[in-house]
Amino acid sequence: MSSAQNSDSVSHLTQREAAEIDETLMGPLGFSVDQLMELAGLSVATSIAEVYKPSEYDRVLAICGPGSNGGDGLVAARHLYHFGYKPSVCYPKRTQKPLYTGLVTQLESLSIPFLSVEDLPLDFSKDFDIIVDAMFGFSFHGTPRPPFDDLIKRLLCLHGYDQTRQKRPVIVSVDIPSGWHVEEGDIGDEGIKPDMLVSLTAPKLCAKKSSGPHHFLGGRFVPPVIADKYKLRLPPYPGTSMCVRIGKAPNVDISALRENYISPEFLEEQVESDPINQFRKWVDDAIAAGLREPNAMALSTVGKDGKPSSRMVLLKGVDRGGFVWCTNYESRKACELCDNPHASLLFYWDGLNRQVRVEGSVEKVSDEESEQYFHSRPRGSQIGAIVSKRVCLTKCCIIHRCA
C-alpha cells in the first residue's frame, strides 16, 4: 500500500543529473542494468496495481521502445501477469542484446501475446483497459520516428473520448511521457497525456507539468551516498511497498466505488456438518493466504440505552463452547455486555471474499482460564494488566452463523 507525499517537497532531476545517477549506480555502486530494470518494472507494476485493480482493468497493452524504458515495460508486463492481469506487448523495434531477448523469452514462456503495430486494433478502447507507455525514457533526444510517432498520435487521440464520455483505456507512462522533453515537458502539446506517471529513481523536471490524476515514484534502491551528493529529498516508502504516491489522490465519488468479487463455487455438500470445524478450516485458509490478523473480528454490543457499538478485537480461542476474546471489565464493551449479555462477531477475510457472522450470549470464563491466559501474555502486557487491575476474558456462545 502506498502513502501520499507532497510533490513540492520531492526533488526533481535534470536530464544530466538523471544520467549521472544511472552511471554511478551501474559503476562504483555495483548495480547491473538488468537489476535496475527489474526494480523499475516491478515498481511500475505495483503502482498500476495500487490504482487499477485487475477486477476492473485486466486487459493491458505494454508498448515498449528499443531502450531501457522499453525494457522496464517488458518487466512490468511480466509482473502484471503474475498480479492477475492479462498483458499483451507491442515491441516493434526489438533490441538484440541478451538482456532484452531474455525478457522476451520470459514473456513468451507465459504465453503473453506479442502484437505487431499492424495487429493493433484501430480503436484501443475495445480491446484494452490499460496502456503502458514504455517507449522513450529520459535519455531520448530528437523527434520520435516511425512507428512510434504514429503510436503517440493514436494515444493522444484517446483523450477525445473524454468529451464524448466514451470509455477509454487509461494510459500509464513509465518515467517520461513519450513525446515530452525531459525538462520542459510537453512542448507543442503533442505528447502523451498520461493518467498515471510512474517516475523512477526520482521525478524528472517534466513531471512538475504532468496534470494526470496519479503520480507515483518507484525505485526503492537509491543509496544515501547518491541522495547526499545530489541533495535529493525523496519520500519514505511505506512498509514493503515498491512505490509511493506523490501528491494528493484525486477526489473519488464514494458512491461509485464497487469491487466485483469473483469467488470459487461453494456448494452445500462441501460445507462441514459441524460449523466450528468449518470455521477452523476457514481460519486455516486465511492464515495460509498470509492475510494480516486473520483472527481480527468486529465485536458489536448494545447498551441498556439500546444503542449499538462496534470495535475490532482479536479472537483468542474457539472451541465447542464458543469464541473467546479478552476485555477490560471497566471498558465500554464490558459494561454494555453486563447490561445486555448478547453480542455479535464479524470476521472478514479480504482476498478470500469470505465473512462469518456469529451471534450469541456472552459469559465470563472461569477464573482458572483467565489466570492461565494472563500468564501466557508477554511480560509487558502482564504489567499493563496489573496496572489496569481488571483484565479478564469473556466467552461468546454461537447460536447463529452465515457466510
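A salt bridge here is a side-chain nitrogen of Lys or Arg within 4 Å of a carboxyl oxygen of Asp or Glu. Keep that in mind for K333, which is buried (under 20% relative accessible area with a 1.4 Å probe, protein chains only; exposed means over 50%, partly exposed in between) yet has no salt bridge. The nearest side chain of opposite charge, E336, is 9.4 Å away; Lys and Arg count as positive, Asp and Glu as negative, and His and the chain ends are not counted. K333 sits in helix α9 (residues 332–339). Leaving aside residues up to four places away in sequence, K333 touches L299, T301, R311, V313, C326 and T327, where contact means heavy atoms within 4.5 Å.

A word on the model itself: it is predicted, so local features need pLDDT of at least 70 and side-chain atom pairs count only at pLDDT 80 or more, while totals for chains, interfaces and linings use all residues. Residues are numbered from 1 along each chain as its sequence is written, and side-chain values use heavy atoms, with hydrogens and water left out.

Stepping back, the protein has eleven helices and 16 strands, taken as DSSP runs (H or I of at least four residues for helices, E of at least two for strands) numbered from the N terminus. Of its 403 residues, 45% count as buried. Among contacts between residues at least 6 apart in sequence, 69% join residues at least 24 apart.

Now let us follow helix α2 (residues 33–51). Its 19 residues reach 28 Å from first C-alpha to last, close to the 27 Å expected at 1.5 Å a residue, the expected span being 1.5 Å times one less than the number of residues. Its buried residues include L36, M37, A40, G41 and V44.

The loops hold some backbone details to look for. A cis peptide bond, with omega of about 0°, joins P146 and P147, and P147 is found in the loop between β4 (130–134) and α5 (148–157). S111, in the loop between α4 (98–109) and β4, has a positive phi of about 60° although it is not a glycine; S111 is exposed, with a relative accessible area of 64%. E293 also has a positive phi, near 50°, and lies in the loop between α8 (275–288) and β9 (296–302). At 44% relative accessibility, E293 is partly exposed.

Finally, S241 lies in the loop between α7 (224–229) and β8 (243–246) and is buried, at 9% relative accessible area. The C-alpha atoms of S241 and G218 are separated by 9.2 Å, though the two residues are 23 apart along the chain.
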